[in-house]
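Hi,

Here is the structure I said I would pass on. Have a look at it first, and my notes on the helix packing follow below.

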Amino acid sequence: MTEDERVERTILGAMLLSPLAVTEAVATVRADDFSLDSHRLLFGCMAAMEAEGRDIDSSTVVSQLGTAKVNSMGGLAWIMEVSEGIPRNVSIASHSRKLEERSMARRVQNVCQKAIG
């Protein structure tokens, strides 16, 4: 797992464990900051659920996403793994800054690659 993926999974895992983490992450992170499609999809789902005032945990997220999307992301086991080993007091602000920095670096790299040809 890359460092980018670790940071992303830490944010997502914290969101699955804590309503406060959801609120803080949604206020500071955008779905397209995530490098993996599965991470963007999971974050987008939880952000939409938070906007609707719904409870967020593994089972409600799986229900919201539906079987087909969950299976395309790696299945129920993958969703459960996202929150494994996540400390209860994760600094969302710190991880959000790292995520935003890496996201900006990827965007700059993509622009440079397009400019080169």
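The crossing of α2 and α7 is right-handed. Bear in mind throughout that this is a predicted model. α2 covers residues 19-28 and α7 covers residues 92-116, and their axes come within 10 Å and cross at roughly 30°. An angle under 35 degrees counts as roughly parallel, so that is the label for α2 and α7. On the α2 side, the contact is made by Ala 21, Glu 24, Ala 25 and Thr 28. From α7 come Ile 92, Ala 93, Ser 96 and Glu 100. Sorted by class, the residues of this contact are 4 nonpolar, 2 polar and 2 charged.

Next, the pair α4 and α6. Their axes lie 10 Å apart, at an angle of about 140°, which makes α4 oblique to α6. The crossing here is right-handed as well. Which residues meet across it? α4 brings Ser 58, Val 62 and Leu 65, while α6 brings Leu 76, Ile 79 and Met 80. The class count for α4 with α6 is 5 nonpolar, 1 polar and no charged residues. If you set the two contacts side by side, α2 with α7 has 2 charged residues, whereas α4 with α6 has none.

In α4, the buried residues are Ser 58, Val 61 and Leu 65. Looking down the axis of α4, you will find them within an arc of 65°, so they line one face of the helix. The face turned away from that buried side carries Ser 59 and Ser 63, both exposed. What covers the buried residues of α4? The cover includes α1, α3, α5 and α6.

α6 (residues 75-82) has Gly 75, Trp 78, Ile 79 and Val 82 as its buried residues. These cover an arc of only 100° around the axis, which puts them on the same side of α6. They pack against α1 (3-17), α3 (37-51), α4 (58-65) and α5 (67-73).

One is His 39, which sits in helix α3. Is His 39 buried or exposed? Its relative accessibility is 2%, so His 39 counts as buried. Leaving aside residues up to four places away in sequence, His 39 touches Glu 5, Glu 8, Arg 9, Leu 12, Phe 34 and Trp 78.

With a relative accessibility of 36%, Ser 91 counts as partly exposed. How far apart are Ser 91 and Ile 11 in sequence and in space? They are 80 residues apart along the chain, and 8.8 Å apart in space from C-alpha to C-alpha.

Over to you,

Best wishes

How values were computed:
Residues numbered from 1 in each chain as written. Predicted model: local features only at pLDDT ≥ 70, side-chain atom pairs only at ≥ 80, totals over all residues. Heavy atoms only, no water. Axes fitted to C-alpha atoms, helices over the stretch in contact; angles between N-to-C directions. Helix = DSSP H or I, 4+ residues; strand = E, 2+ residues; numbered from the N terminus. Parallel < 35°, antiparallel > 145°, perpendicular 65-115°, else oblique. Left-handed = near helix turned anticlockwise from the far one by under 90°. Contact = heavy atoms within 4.5 Å. Nonpolar A, V, L, I, M, F, W, Y, C, P; charged D, E, K, R; others polar. Buried < 20%, exposed > 50% of the residue type's maximum accessible area, 1.4 Å probe, protein only. Arc of directions from axis to C-beta.
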